[in-house]
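Please read this report beside the sequence and the three-dimensional view, turning to each part of the chain as it is named.

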Amino acid sequence: MTRSQRWQLAAVMTAASLLYLAHSLLRFRNFEAKGYDLGIFDQAVRQYALFEAPIVPIKGEDFHLLGDHFHPIIASLAPLYWIWGDPRMLNVAMTALLVSTAVPVYLVVRSWFSHGPAILSAAAVLLFWPFQAMVNWDFHEIAFGVPLIAWVIWAMERHRPWLAVGLSAALLLVREDLGVTLLAVALVLAIRRQWLPAAVTAALGVLGFWFATEVVIPHFSPAGEFGYWEYTALGASAGAAVVFMLTQPWHAVAVLFDHPLKVGLWLLHFLPLWLLPFASPYVIIGAPILLSRLFNDRLNVWAPVYQYDAILAPVFLLAALDVVRRIAGRTGPRAGRRIAVALPSTVLAVTLVGTLLFPQVFPFQRTLTGDNWTMTDRAEAHLRAVDRIPDGVCVEAADTAVPHLVDRTRVGLNGTTDEDRLMWLIIDDRVDELGGSDPLTPQEAFARADRLGFEPVIEDDEGLWVFTREVGEDAAAGCADYLRR
(Lines give C-alpha, C1' and ligand atoms only; values in the text may rest on other atoms or scores of the structure.)
Protein backbone atom coordinates (compact mmCIF):
# COMPACT_ATOMS: atom_id res chain seq x y z
CA MET A 1 0.00 0.00 0.00
CA THR A 2 1.70 3.17 -1.20
CA ARG A 3 1.57 6.53 0.52
CA SER A 4 -0.74 7.84 -2.21
CA GLN A 5 -3.12 4.93 -1.68
CA ARG A 6 -3.15 5.55 2.07
CA TRP A 7 -3.99 9.20 1.49
CA GLN A 8 -6.82 8.27 -0.87
CA LEU A 9 -8.32 5.88 1.67
CA ALA A 10 -7.90 8.49 4.39
CA ALA A 11 -9.62 11.07 2.19
CA VAL A 12 -12.62 8.78 1.62
CA MET A 13 -12.90 8.04 5.33
CA THR A 14 -12.51 11.70 6.29
CA ALA A 15 -15.18 12.81 3.83
CA ALA A 16 -17.58 10.16 5.15
CA SER A 17 -16.82 11.18 8.74
CA LEU A 18 -17.59 14.83 8.04
CA LEU A 19 -20.84 13.91 6.31
CA TYR A 20 -21.90 11.58 9.14
CA LEU A 21 -21.12 14.17 11.80
CA ALA A 22 -22.83 16.99 9.93
CA HIS A 23 -25.98 14.91 9.53
CA SER A 24 -25.93 13.72 13.16
CA LEU A 25 -25.28 17.13 14.68
CA LEU A 26 -27.95 18.79 12.54
CA ARG A 27 -30.43 16.13 13.64
CA PHE A 28 -29.57 16.87 17.25
CA ARG A 29 -29.80 20.63 16.86
CA ASN A 30 -33.13 20.32 15.02
CA PHE A 31 -34.62 18.09 17.75
CA GLU A 32 -34.90 15.14 15.39
CA ALA A 33 -32.75 12.84 17.55
CA LYS A 34 -34.87 10.87 20.00
CA GLY A 35 -34.83 9.27 23.39
CA TYR A 36 -35.18 5.96 21.54
CA ASP A 37 -32.27 5.25 21.06
CA LEU A 38 -29.85 8.14 21.57
CA GLY A 39 -31.22 9.06 25.00
CA ILE A 40 -31.27 5.44 26.17
CA PHE A 41 -27.65 4.81 25.31
CA ASP A 42 -26.58 8.17 26.68
CA GLN A 43 -28.07 7.34 30.07
CA ALA A 44 -26.45 3.90 30.06
CA VAL A 45 -22.99 5.13 29.06
CA ARG A 46 -23.29 8.11 31.41
CA GLN A 47 -23.94 5.74 34.31
CA TYR A 48 -21.03 3.54 33.29
CA ALA A 49 -18.86 6.67 33.27
CA LEU A 50 -19.96 7.28 36.86
CA PHE A 51 -19.05 3.66 37.73
CA GLU A 52 -22.71 2.89 38.28
CA ALA A 53 -25.06 0.24 36.89
CA PRO A 54 -26.73 1.24 33.59
CA ILE A 55 -30.05 2.38 35.06
CA VAL A 56 -32.08 4.01 32.28
CA PRO A 57 -35.19 5.98 33.34
CA ILE A 58 -36.24 6.34 29.70
CA LYS A 59 -37.01 2.61 29.74
CA GLY A 60 -38.73 2.74 33.14
CA GLU A 61 -38.24 3.41 36.83
CA ASP A 62 -34.96 1.79 37.99
CA PHE A 63 -34.70 -0.09 34.68
CA HIS A 64 -31.37 -1.92 34.27
CA LEU A 65 -30.50 -1.86 30.58
CA LEU A 66 -28.87 -5.30 30.66
CA GLY A 67 -32.37 -6.59 31.34
CA ASP A 68 -33.34 -5.45 27.86
CA HIS A 69 -30.45 -6.47 25.61
CA PHE A 70 -26.97 -7.84 26.29
CA HIS A 71 -24.50 -5.22 25.08
CA PRO A 72 -21.74 -4.79 27.69
CA ILE A 73 -19.43 -3.49 24.96
CA ILE A 74 -21.05 -0.04 25.22
CA ALA A 75 -19.31 0.38 28.59
CA SER A 76 -16.10 0.87 26.59
CA LEU A 77 -17.46 4.30 25.60
CA ALA A 78 -17.54 5.52 29.21
CA PRO A 79 -14.08 7.20 29.06
CA LEU A 80 -15.35 9.39 26.24
CA TYR A 81 -17.82 10.93 28.69
CA TRP A 82 -14.95 11.94 30.92
CA ILE A 83 -13.84 14.12 28.00
CA TRP A 84 -17.24 15.48 26.98
CA GLY A 85 -20.36 14.30 28.79
CA ASP A 86 -22.80 15.03 25.99
CA PRO A 87 -25.06 12.70 23.98
CA ARG A 88 -23.41 13.95 20.80
CA MET A 89 -20.30 12.12 21.92
CA LEU A 90 -22.17 8.96 20.93
CA ASN A 91 -22.59 10.42 17.43
CA VAL A 92 -18.84 10.88 17.30
CA ALA A 93 -18.20 7.35 18.54
CA MET A 94 -20.61 5.77 16.06
CA THR A 95 -19.08 7.77 13.22
CA ALA A 96 -15.64 6.41 14.12
CA LEU A 97 -16.93 2.84 14.32
CA LEU A 98 -18.78 2.94 11.01
CA VAL A 99 -16.04 4.72 9.09
CA SER A 100 -13.42 2.27 10.38
CA THR A 101 -15.26 -0.46 8.45
CA ALA A 102 -13.68 0.94 5.30
CA VAL A 103 -10.29 -0.42 6.37
CA PRO A 104 -11.06 -4.17 6.37
CA VAL A 105 -13.25 -3.79 3.28
CA TYR A 106 -10.42 -2.02 1.46
CA LEU A 107 -7.81 -4.57 2.55
CA VAL A 108 -9.89 -7.58 1.51
CA VAL A 109 -10.81 -6.17 -1.90
CA ARG A 110 -7.25 -4.96 -2.58
CA SER A 111 -5.94 -8.45 -1.83
CA TRP A 112 -8.36 -9.83 -4.40
CA PHE A 113 -7.92 -7.19 -7.11
CA SER A 114 -6.12 -3.88 -6.80
CA HIS A 115 -6.34 -0.41 -5.29
CA GLY A 116 -9.01 0.89 -7.70
CA PRO A 117 -11.76 -1.61 -6.89
CA ALA A 118 -10.76 -1.48 -3.22
CA ILE A 119 -11.10 2.30 -2.85
CA LEU A 120 -14.41 2.22 -4.74
CA SER A 121 -15.66 -0.54 -2.45
CA ALA A 122 -14.66 1.41 0.65
CA ALA A 123 -16.57 4.44 -0.61
CA ALA A 124 -19.54 2.31 -1.64
CA VAL A 125 -20.00 0.71 1.77
CA LEU A 126 -19.65 4.03 3.60
CA LEU A 127 -22.22 5.84 1.47
CA PHE A 128 -24.75 3.10 0.75
CA TRP A 129 -28.25 3.26 2.24
CA PRO A 130 -27.63 0.90 5.23
CA PHE A 131 -24.97 3.23 6.61
CA GLN A 132 -27.12 6.28 5.89
CA ALA A 133 -29.98 4.68 7.83
CA MET A 134 -27.64 3.84 10.71
CA VAL A 135 -26.36 7.40 10.99
CA ASN A 136 -29.93 8.65 10.80
CA TRP A 137 -30.74 6.49 13.85
CA ASP A 138 -28.24 8.50 15.97
CA PHE A 139 -26.77 5.58 17.91
CA HIS A 140 -27.14 1.84 18.40
CA GLU A 141 -24.96 -0.88 19.88
CA ILE A 142 -24.86 -2.73 16.55
CA ALA A 143 -22.36 -0.07 15.39
CA PHE A 144 -19.67 -2.06 17.20
CA GLY A 145 -20.53 -5.13 15.16
CA VAL A 146 -20.21 -3.46 11.75
CA PRO A 147 -16.39 -3.21 11.60
CA LEU A 148 -15.99 -6.40 13.64
CA ILE A 149 -17.85 -8.54 11.13
CA ALA A 150 -15.80 -7.08 8.27
CA TRP A 151 -12.60 -7.90 10.15
CA VAL A 152 -13.84 -11.48 10.58
CA ILE A 153 -13.96 -11.86 6.80
CA TRP A 154 -10.52 -10.22 6.52
CA ALA A 155 -9.11 -12.74 9.01
CA MET A 156 -10.57 -15.62 7.01
CA GLU A 157 -9.06 -14.28 3.82
CA ARG A 158 -5.68 -13.94 5.55
CA HIS A 159 -5.94 -17.62 6.54
CA ARG A 160 -6.00 -16.75 10.21
CA PRO A 161 -8.96 -18.78 11.44
CA TRP A 162 -8.19 -18.38 15.13
CA LEU A 163 -8.18 -14.62 14.76
CA ALA A 164 -11.58 -14.97 13.07
CA VAL A 165 -12.73 -16.97 16.10
CA GLY A 166 -11.52 -14.27 18.49
CA LEU A 167 -13.13 -11.46 16.50
CA SER A 168 -16.34 -13.43 16.28
CA ALA A 169 -16.30 -13.96 20.05
CA ALA A 170 -16.16 -10.18 20.48
CA LEU A 171 -19.52 -9.99 18.68
CA LEU A 172 -21.07 -11.73 21.70
CA LEU A 173 -20.46 -8.52 23.67
CA VAL A 174 -22.36 -6.44 21.09
CA ARG A 175 -25.79 -8.04 21.25
CA GLU A 176 -27.24 -11.35 22.38
CA ASP A 177 -28.62 -12.42 18.99
CA LEU A 178 -25.17 -12.28 17.40
CA GLY A 179 -24.56 -15.62 19.06
CA VAL A 180 -26.57 -17.05 16.18
CA THR A 181 -24.30 -15.18 13.76
CA LEU A 182 -21.38 -17.09 15.28
CA LEU A 183 -23.05 -20.30 14.13
CA ALA A 184 -23.07 -18.87 10.62
CA VAL A 185 -19.38 -17.94 10.91
CA ALA A 186 -18.71 -21.48 12.11
CA LEU A 187 -20.46 -22.87 9.03
CA VAL A 188 -18.27 -20.75 6.74
CA LEU A 189 -15.16 -21.92 8.60
CA ALA A 190 -16.35 -25.52 8.16
CA ILE A 191 -16.84 -24.94 4.43
CA ARG A 192 -13.21 -23.81 4.37
CA ARG A 193 -12.32 -27.11 6.16
CA GLN A 194 -11.12 -25.34 9.29
CA TRP A 195 -12.85 -27.84 11.51
CA LEU A 196 -11.56 -27.05 14.99
CA PRO A 197 -12.00 -23.24 14.70
CA ALA A 198 -15.47 -23.93 13.33
CA ALA A 199 -16.37 -26.15 16.27
CA VAL A 200 -15.04 -23.64 18.80
CA THR A 201 -16.92 -20.78 17.15
CA ALA A 202 -20.16 -22.75 17.12
CA ALA A 203 -19.73 -23.67 20.78
CA LEU A 204 -19.04 -20.04 21.68
CA GLY A 205 -22.13 -18.94 19.77
CA VAL A 206 -24.42 -21.38 21.56
CA LEU A 207 -22.88 -20.67 24.96
CA GLY A 208 -22.93 -16.90 24.45
CA PHE A 209 -26.55 -16.85 23.30
CA TRP A 210 -27.61 -19.05 26.22
CA PHE A 211 -25.67 -17.00 28.76
CA ALA A 212 -27.15 -13.71 27.53
CA THR A 213 -30.77 -14.81 27.10
CA GLU A 214 -31.09 -17.34 29.93
CA VAL A 215 -28.82 -15.89 32.62
CA VAL A 216 -27.96 -12.19 32.31
CA ILE A 217 -31.08 -10.70 30.74
CA PRO A 218 -33.57 -12.61 32.95
CA HIS A 219 -31.52 -11.63 36.00
CA PHE A 220 -31.85 -7.91 35.28
CA SER A 221 -35.21 -7.89 33.48
CA PRO A 222 -38.23 -6.65 35.49
CA ALA A 223 -40.19 -9.54 34.00
CA GLY A 224 -37.50 -12.07 34.91
CA GLU A 225 -37.17 -13.35 31.34
CA PHE A 226 -35.87 -12.52 27.89
CA GLY A 227 -38.67 -10.50 26.33
CA TYR A 228 -37.90 -10.48 22.62
CA TRP A 229 -39.49 -13.62 21.19
CA GLU A 230 -41.42 -11.95 18.35
CA TYR A 231 -41.60 -14.72 15.76
CA THR A 232 -45.12 -16.04 16.19
CA ALA A 233 -45.40 -16.61 12.43
CA LEU A 234 -42.99 -19.51 13.05
CA GLY A 235 -44.27 -20.67 16.42
CA ALA A 236 -44.95 -19.74 20.02
CA SER A 237 -41.40 -20.60 21.11
CA ALA A 238 -37.94 -21.23 19.67
CA GLY A 239 -38.55 -24.96 19.77
CA ALA A 240 -41.85 -24.64 17.95
CA ALA A 241 -40.19 -22.43 15.35
CA VAL A 242 -37.50 -25.03 14.65
CA VAL A 243 -40.16 -27.73 14.22
CA PHE A 244 -42.15 -25.49 11.88
CA MET A 245 -39.14 -24.71 9.68
CA LEU A 246 -38.11 -28.34 9.49
CA THR A 247 -41.56 -29.74 8.79
CA GLN A 248 -43.00 -26.90 6.68
CA PRO A 249 -40.00 -25.19 5.04
CA TRP A 250 -42.10 -23.96 2.11
CA HIS A 251 -44.34 -22.00 4.50
CA ALA A 252 -41.30 -20.60 6.30
CA VAL A 253 -39.85 -19.36 3.00
CA ALA A 254 -43.21 -17.77 2.12
CA VAL A 255 -43.06 -15.71 5.34
CA LEU A 256 -39.88 -14.07 4.04
CA PHE A 257 -41.74 -12.53 1.10
CA ASP A 258 -45.29 -11.99 2.41
CA HIS A 259 -45.20 -8.18 2.59
CA PRO A 260 -44.09 -5.48 0.12
CA LEU A 261 -41.63 -4.11 2.68
CA LYS A 262 -39.93 -7.50 2.89
CA VAL A 263 -39.67 -7.73 -0.88
CA GLY A 264 -38.29 -4.21 -0.96
CA LEU A 265 -35.68 -5.07 1.62
CA TRP A 266 -34.48 -8.04 -0.45
CA LEU A 267 -34.26 -5.88 -3.55
CA LEU A 268 -32.46 -2.99 -1.85
CA HIS A 269 -29.81 -5.29 -0.46
CA PHE A 270 -29.17 -7.53 -3.44
CA LEU A 271 -30.14 -5.86 -6.74
CA PRO A 272 -27.37 -3.20 -6.54
CA LEU A 273 -24.98 -6.11 -6.00
CA TRP A 274 -26.33 -7.94 -9.08
CA LEU A 275 -27.63 -10.78 -6.85
CA LEU A 276 -24.03 -12.05 -6.64
CA PRO A 277 -23.89 -12.49 -2.84
CA PHE A 278 -26.12 -15.56 -3.11
CA ALA A 279 -23.26 -17.40 -4.82
CA SER A 280 -20.74 -16.76 -2.02
CA PRO A 281 -20.38 -18.63 1.29
CA TYR A 282 -19.95 -15.28 2.99
CA VAL A 283 -23.65 -14.53 2.50
CA ILE A 284 -24.24 -17.15 5.20
CA ILE A 285 -22.71 -14.79 7.77
CA GLY A 286 -25.39 -12.19 7.12
CA ALA A 287 -28.26 -14.68 6.86
CA PRO A 288 -29.21 -14.94 10.57
CA ILE A 289 -29.46 -11.16 10.94
CA LEU A 290 -31.50 -10.66 7.78
CA LEU A 291 -33.78 -13.65 8.31
CA SER A 292 -34.44 -12.78 11.95
CA ARG A 293 -35.81 -9.44 10.79
CA LEU A 294 -37.97 -10.88 8.04
CA PHE A 295 -39.42 -13.54 10.36
CA ASN A 296 -40.10 -10.91 13.03
CA ASP A 297 -43.71 -9.98 13.81
CA ARG A 298 -43.00 -6.23 13.92
CA LEU A 299 -43.63 -4.51 10.62
CA ASN A 300 -41.23 -1.67 11.40
CA VAL A 301 -38.16 -3.94 11.41
CA TRP A 302 -38.84 -4.90 7.79
CA ALA A 303 -38.42 -1.30 6.63
CA PRO A 304 -35.06 -0.10 5.25
CA VAL A 305 -34.96 2.96 7.50
CA TYR A 306 -33.51 1.60 10.73
CA GLN A 307 -30.11 0.66 12.07
CA TYR A 308 -30.46 -3.07 11.46
CA ASP A 309 -28.99 -3.19 7.96
CA ALA A 310 -25.60 -1.56 8.55
CA ILE A 311 -23.95 -4.75 9.79
CA LEU A 312 -25.11 -6.53 6.61
CA ALA A 313 -23.66 -4.01 4.16
CA PRO A 314 -19.96 -5.02 4.37
CA VAL A 315 -20.87 -8.72 4.46
CA PHE A 316 -22.98 -8.64 1.31
CA LEU A 317 -20.59 -6.34 -0.57
CA LEU A 318 -17.63 -8.59 0.18
CA ALA A 319 -19.72 -11.64 -0.68
CA ALA A 320 -20.51 -10.15 -4.09
CA LEU A 321 -16.87 -9.31 -4.75
CA ASP A 322 -15.87 -12.80 -3.63
CA VAL A 323 -17.98 -14.10 -6.51
CA VAL A 324 -16.37 -11.59 -8.88
CA ARG A 325 -12.97 -12.89 -7.75
CA ARG A 326 -13.98 -16.40 -8.76
CA ILE A 327 -15.36 -15.14 -12.06
CA ALA A 328 -12.02 -13.44 -12.67
CA GLY A 329 -10.32 -16.79 -12.20
CA ARG A 330 -12.15 -18.02 -15.28
CA THR A 331 -12.28 -14.89 -17.43
CA GLY A 332 -8.80 -13.56 -16.69
CA PRO A 333 -7.55 -10.77 -14.39
CA ARG A 334 -8.27 -7.90 -16.79
CA ALA A 335 -11.95 -8.79 -17.23
CA GLY A 336 -12.23 -9.56 -13.53
CA ARG A 337 -10.80 -6.18 -12.61
CA ARG A 338 -13.31 -4.43 -14.87
CA ILE A 339 -16.17 -6.27 -13.16
CA ALA A 340 -14.65 -5.48 -9.77
CA VAL A 341 -14.71 -1.78 -10.67
CA ALA A 342 -18.21 -1.96 -12.12
CA LEU A 343 -19.81 -3.57 -9.07
CA PRO A 344 -18.99 -0.91 -6.42
CA SER A 345 -19.54 1.72 -9.10
CA THR A 346 -23.07 0.40 -9.44
CA VAL A 347 -23.55 0.72 -5.69
CA LEU A 348 -22.26 4.30 -5.82
CA ALA A 349 -24.56 5.10 -8.75
CA VAL A 350 -27.57 3.70 -6.90
CA THR A 351 -26.51 5.74 -3.88
CA LEU A 352 -26.32 8.91 -5.94
CA VAL A 353 -29.71 8.42 -7.56
CA GLY A 354 -31.30 7.29 -4.31
CA THR A 355 -29.91 10.22 -2.36
CA LEU A 356 -31.27 12.63 -4.95
CA LEU A 357 -34.73 11.07 -5.27
CA PHE A 358 -35.56 8.88 -2.25
CA PRO A 359 -34.76 10.61 1.07
CA GLN A 360 -36.88 8.10 3.00
CA VAL A 361 -34.25 5.42 2.30
CA PHE A 362 -31.25 7.71 1.66
CA PRO A 363 -31.65 10.35 4.42
CA PHE A 364 -28.40 12.18 3.69
CA GLN A 365 -30.30 14.06 1.00
CA ARG A 366 -31.55 16.55 3.58
CA THR A 367 -28.03 17.41 4.70
CA LEU A 368 -26.50 17.49 1.23
CA THR A 369 -29.25 19.75 -0.16
CA GLY A 370 -29.40 22.07 2.86
CA ASP A 371 -32.97 21.10 3.70
CA ASN A 372 -32.10 20.71 7.39
CA TRP A 373 -29.62 23.54 7.74
CA THR A 374 -32.10 25.92 9.40
CA MET A 375 -34.20 25.28 12.50
CA THR A 376 -37.92 24.99 12.01
CA ASP A 377 -40.52 26.74 14.16
CA ARG A 378 -41.16 23.40 15.82
CA ALA A 379 -37.47 23.00 16.68
CA GLU A 380 -37.44 26.51 18.17
CA ALA A 381 -40.45 25.55 20.29
CA HIS A 382 -38.57 22.49 21.53
CA LEU A 383 -35.68 24.73 22.52
CA ARG A 384 -38.00 26.98 24.51
CA ALA A 385 -39.54 23.95 26.23
CA VAL A 386 -36.28 22.33 27.35
CA ASP A 387 -34.90 25.70 28.46
CA ARG A 388 -37.72 25.90 31.02
CA ILE A 389 -36.62 22.66 32.69
CA PRO A 390 -34.25 23.24 35.65
CA ASP A 391 -31.16 21.10 36.25
CA GLY A 392 -31.30 18.09 38.54
CA VAL A 393 -35.05 17.46 38.41
CA CYS A 394 -37.16 14.43 37.52
CA VAL A 395 -38.89 15.13 34.23
CA GLU A 396 -40.87 13.22 31.65
CA ALA A 397 -40.47 14.61 28.16
CA ALA A 398 -41.46 14.17 24.56
CA ASP A 399 -39.23 11.66 22.76
CA THR A 400 -37.65 14.43 20.66
CA ALA A 401 -36.87 16.55 23.73
CA VAL A 402 -35.27 13.77 25.78
CA PRO A 403 -31.73 13.88 24.27
CA HIS A 404 -31.48 17.55 25.24
CA LEU A 405 -32.18 16.77 28.90
CA VAL A 406 -30.17 13.60 29.58
CA ASP A 407 -27.01 15.44 30.62
CA ARG A 408 -28.64 17.52 33.37
CA THR A 409 -31.86 15.84 34.55
CA ARG A 410 -33.30 12.45 35.44
CA VAL A 411 -35.47 12.22 32.34
CA GLY A 412 -37.91 9.59 31.17
CA LEU A 413 -40.70 9.36 28.64
CA ASN A 414 -44.28 10.13 29.57
CA GLY A 415 -45.50 7.42 31.93
CA THR A 416 -42.11 5.90 32.86
CA THR A 417 -41.29 7.73 36.12
CA ASP A 418 -42.30 7.17 39.73
CA GLU A 419 -45.16 9.64 40.13
CA ASP A 420 -44.11 10.66 43.64
CA ARG A 421 -40.85 12.20 42.41
CA LEU A 422 -42.08 13.60 39.08
CA MET A 423 -41.62 17.40 38.93
CA TRP A 424 -41.82 18.49 35.28
CA LEU A 425 -43.55 17.31 32.10
CA ILE A 426 -43.17 18.05 28.40
CA ILE A 427 -46.09 16.67 26.38
CA ASP A 428 -46.27 16.70 22.59
CA ASP A 429 -49.87 16.76 21.33
CA ARG A 430 -48.89 16.34 17.66
CA VAL A 431 -47.94 12.69 17.91
CA ASP A 432 -50.18 9.64 18.24
CA GLU A 433 -48.07 8.05 20.99
CA LEU A 434 -45.50 9.49 23.36
CA GLY A 435 -42.91 6.72 23.05
CA GLY A 436 -41.70 3.84 25.15
CA SER A 437 -42.59 0.17 25.44
CA ASP A 438 -46.08 0.99 26.78
CA PRO A 439 -46.69 4.45 25.34
CA LEU A 440 -49.30 6.91 26.51
CA THR A 441 -51.38 8.91 24.08
CA PRO A 442 -51.25 12.70 24.49
CA GLN A 443 -54.80 12.59 25.88
CA GLU A 444 -53.77 10.05 28.51
CA ALA A 445 -50.72 12.14 29.40
CA PHE A 446 -52.83 15.29 29.83
CA ALA A 447 -55.30 13.41 32.04
CA ARG A 448 -52.43 12.07 34.14
CA ALA A 449 -50.92 15.55 34.50
CA ASP A 450 -54.28 16.88 35.72
CA ARG A 451 -54.67 13.98 38.17
CA LEU A 452 -51.21 14.61 39.63
CA GLY A 453 -51.82 18.33 40.09
CA PHE A 454 -49.52 19.73 37.42
CA GLU A 455 -49.93 23.32 36.26
CA PRO A 456 -49.06 24.51 32.72
CA VAL A 457 -46.03 26.72 32.20
CA ILE A 458 -46.07 26.68 28.38
CA GLU A 459 -49.31 25.94 26.53
CA ASP A 460 -49.50 24.64 22.95
CA ASP A 461 -46.25 26.11 21.62
CA GLU A 462 -46.15 24.34 18.26
CA GLY A 463 -47.90 21.42 19.96
CA LEU A 464 -45.61 21.33 23.00
CA TRP A 465 -46.88 21.76 26.56
CA VAL A 466 -44.73 22.19 29.68
CA PHE A 467 -46.12 21.48 33.15
CA THR A 468 -44.67 21.63 36.66
CA ARG A 469 -45.57 20.97 40.30
CA GLU A 470 -43.87 20.95 43.69
CA VAL A 471 -42.65 17.72 45.34
CA GLY A 472 -41.05 16.95 48.67
CA GLU A 473 -37.39 17.67 49.34
CA ASP A 474 -36.47 14.00 49.59
CA ALA A 475 -37.93 13.25 46.16
CA ALA A 476 -36.19 16.25 44.63
CA ALA A 477 -32.84 15.22 46.15
CA GLY A 478 -33.23 11.72 44.69
CA CYS A 479 -33.62 13.19 41.23
CA ALA A 480 -30.43 15.22 41.49
CA ASP A 481 -28.45 12.22 42.80
CA TYR A 482 -28.96 10.27 39.57
CA LEU A 483 -26.27 12.27 37.77
CA ARG A 484 -23.82 12.34 40.66
CA ARG A 485 -21.02 9.86 41.38
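## Basis of the report

The structure discussed here is a predicted model, and the residue numbers run from 1 along the chain as its sequence is written.

## Two helix pairs

Helix H9, which spans residues 161–171, packs against helix H10, residues 178–191, at an angle of about 165°, and the two axes lie 9 Å apart. Because an angle over 145 degrees counts as roughly antiparallel, H9 is described as roughly antiparallel to H10. The crossing of H9 past H10 is right-handed. On the H9 side the contact is made by Pro161, Val165, Ser168, Ala169 and Leu171, which meet Leu178, Leu182, Val185 and Leu189 on the H10 side. Sorted by class, the residues of this contact between H9 and H10 comprise eight nonpolar and one polar, with no charged residue among them.

Helix H4, residues 88–100, and helix H5, residues 102–112, pack at an angle of about 5°, with axes 5 Å apart. H4 and H5 are therefore roughly parallel to each other. Their contact brings Leu98, Val99 and Ser100 of H4 together with Ala102, Val103 and Pro104 of H5, and by class this contact of H4 with H5 holds five nonpolar residues, one polar residue and no charged residue.

Serine 121 belongs to helix H6, which covers residues 115–127, and with a relative accessibility of 0% serine 121 counts as buried. Which residues is serine 121 in contact with, leaving aside its neighbours within four places in sequence? They are Val105, Val109, Leu317, Leu321 and Pro344.

## Salt bridges

Side chains of opposite charge can pair when their charged atoms come close. The count of salt bridges in this model comes to 27, and three of these pairs are described below.

Aspartate 309 is in the loop between helix H15 (283–295) and helix H16 (312–331), whereas arginine 293 is in helix H15 itself, so the pair ties together parts that are 16 residues apart in sequence. Aspartate 309 is buried, its relative accessible area being 0%, and arginine 293 likewise counts as buried, at 5% relative accessibility.

Another salt bridge joins aspartate 461 to arginine 384, where the closest N and O atoms are 2.8 Å apart. Since aspartate 461 lies in strand E4 (residues 455–461) and arginine 384 in helix H19 (residues 377–387), this pair ties together parts that are 77 residues apart in sequence. Aspartate 461 counts as buried at 18% relative accessibility, while arginine 384, with a relative accessible area of 40%, is partly exposed. In a further pair, aspartate 481 forms a salt bridge with arginine 484, the closest N and O atoms lying 3.2 Å apart, and here aspartate 481 counts as partly exposed, at 44% relative accessibility. Beyond such pairs, salt bridges that share partners join Arg27, Glu32, Asp138, Arg366 and Asp371 into one network.

Most residues other than glycine have a negative phi, and most peptide bonds are trans. Against that background, the peptide bond from tyrosine 36 to aspartate 37 is cis, with omega near 15°, and aspartate 37 has its place in helix H2, residues 35–49.

Phenylalanine 51 is not a glycine, and yet its phi is positive, at about 60°. This residue, phenylalanine 51, is found in the loop between H2 and helix H3 (78–83), and at 59% relative accessibility phenylalanine 51 counts as exposed. Aspartate 460, also not a glycine, has a positive phi of about 50°.

Note on methods. This is a predicted model: local features need pLDDT of at least 70, side-chain atom pairs count only at pLDDT 80 or more; totals for chains, interfaces and linings use all residues. Side-chain values use heavy atoms; hydrogens and water are left out. Axes are lines fitted to C-alpha atoms, for helices over the stretch in contact, and angles run from 0 to 180 degrees between N-to-C directions. Helices (H or I, at least four residues) and strands (E, at least two) are DSSP runs, numbered from the N terminus. Angles under 35 degrees count as roughly parallel, over 145 as roughly antiparallel, 65 to 115 as roughly perpendicular and the rest as oblique. A crossing is left-handed if the near helix is turned anticlockwise from the far one by less than a right angle, and right-handed if clockwise. Contact means heavy atoms within 4.5 Å. Ala, Val, Leu, Ile, Met, Phe, Trp, Tyr, Cys and Pro count as nonpolar, Asp, Glu, Lys and Arg as charged, and the others, Gly among them, as polar. A salt bridge is a side-chain nitrogen of Lys or Arg within 4 Å of a carboxyl oxygen of Asp or Glu. Buried means under 20% relative accessible area, exposed over 50%, partly exposed in between (1.4 Å probe, protein chains only).
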